[in-house]
Amino acid sequence: MRWTSGDRSNVEDYRGRRMGGRGMSVGLGGFVVLLLLSWATGTNFLSLLDSTGDVSNDPAGSSGSVASSPAEEQQVDFVDAVMKDIQDTWSGLLASRYSRTSVVLFRDAIQSGCGLGESATGPFYCPQDSRVYLDLGFFQELSERFGAPGDFARAYVIAHEVGHHVQRLTGIEARVRAAQGDDPRAVNPLSVRLELQADCFAGVWGHTASQQGRSARGQVELEPGDVEEGLQAAASIGDDRLQRMSGGRVAPERFTHGTSAQRVEWFRRGLTSGQPDACDTFAGNTQ
Ligand SMILES: [Zn+2]
């Protein structure tokens, strides 16, 4: 991939924020009291914790005082450049229906709008605060543990999460959640369709990024071999493979993301068409 560093306006850097570092002075009892007060009065007293720099809002975390290596700083620039390009692409496709967001970088654990986010869970999108969460350590895991090295594999992961953002903005996510609420048996199958669509949306961006001449304009441009890296990444994080890796049998009823073959197939559909319309994973069979 070819890319150029930007101004980092597409990332929020919370790598230096330590969960509970100097914040636990309130204690569990105090926390429960604040929670009850908030519940009883409808005022969020927990936000007091934030304003005093407690628990989750250590300003040092975003001021760049984080211990980091030049290699890691380059990864931050990479995430920012890729995120900008993905968002520019969706702004073009959805016009005013797209609203920009950012990638929240963290280490180990972070308090998100969706509760505690941990590195072990992998990157995720939180619909409640419309942000993508990423621990850069996942990139290493992607290459060493899942056997999907390369910068486009990393970009694919970010593009997949932005795909969830697009699903939220377009109301697809809300419709799926409602349908899941109506029918518990549909929870996993619908989750698979949602995930496969995010893969397809990642491919839509890949299609744009593969156009020639982009790099000369300061945009991300794919190079030969990049698409294969992305497909490899899609194949390496299928539910069937993950279940096998964790030592268990393959249990399709527990699938939430789709098989490796399905993920590759839908990523490829987005990639070849470049059209979000080609990503209707909710019609007919998922293959
Ligand atoms: Zn997903």
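Q: How much space lies in the largest pocket?
A: In this predicted model, the largest pocket holds about 1,000 Å³ of space.

Q: Which residues lie nearest its centre?
A: Thr-121, Gly-122, Pro-123, Glu-161 and His-257 lie nearest the centre of the largest pocket, out of 38 residues that line it. Elements giving two or more residues to this lining include strand 4 (115-118), strand 5 (124-126), helix 5 and helix 7.

Q: And which element gives the most to that lining?
A: Helix 5 does, with 6 residues.

Q: How do the lining residues divide into nonpolar, polar and charged?
A: The lining of the largest pocket has 15 nonpolar, 13 polar and 10 charged residues.

Q: Turning to the metal, what coordinates the zinc ion?
A: The zinc ion is coordinated by NE2 of His-160, NE2 of His-164 and OE of Glu-195, at 1.9 to 2.1 Å. The spacing of these donor residues in sequence is H-x3-H-x30-E.

Q: What span should helix 5 have?
A: Its 19 residues, at 1.5 Å a residue, should span 27 Å, and this agrees with the end C-alpha atoms, which are 27 Å apart.

Q: What comes just after helix 5?
A: Gly-171 is found there, with a positive phi of about 85 degrees.

Conventions
Residues numbered from 1 in each chain as written. Predicted model: local features only at pLDDT ≥ 70, side-chain atom pairs only at ≥ 80, totals over all residues. Heavy atoms only, no water. Donors = N, O, S within 2.8 Å, 3.2 Å for Na, K, Ca; no water. Helix = DSSP H or I, 4+ residues; strand = E, 2+ residues; numbered from the N terminus. Expected span 1.5 Å × (residues − 1). 1 Å grid on protein atoms, 1.4 Å probe; cavity = no way out; pocket = protein on both sides within 12 Å on 5 of 7 lines; lining within 4 Å. Points joined across faces, edges and corners; volume = space filled by probe spheres on them. Nonpolar A, V, L, I, M, F, W, Y, C, P; charged D, E, K, R; others polar.
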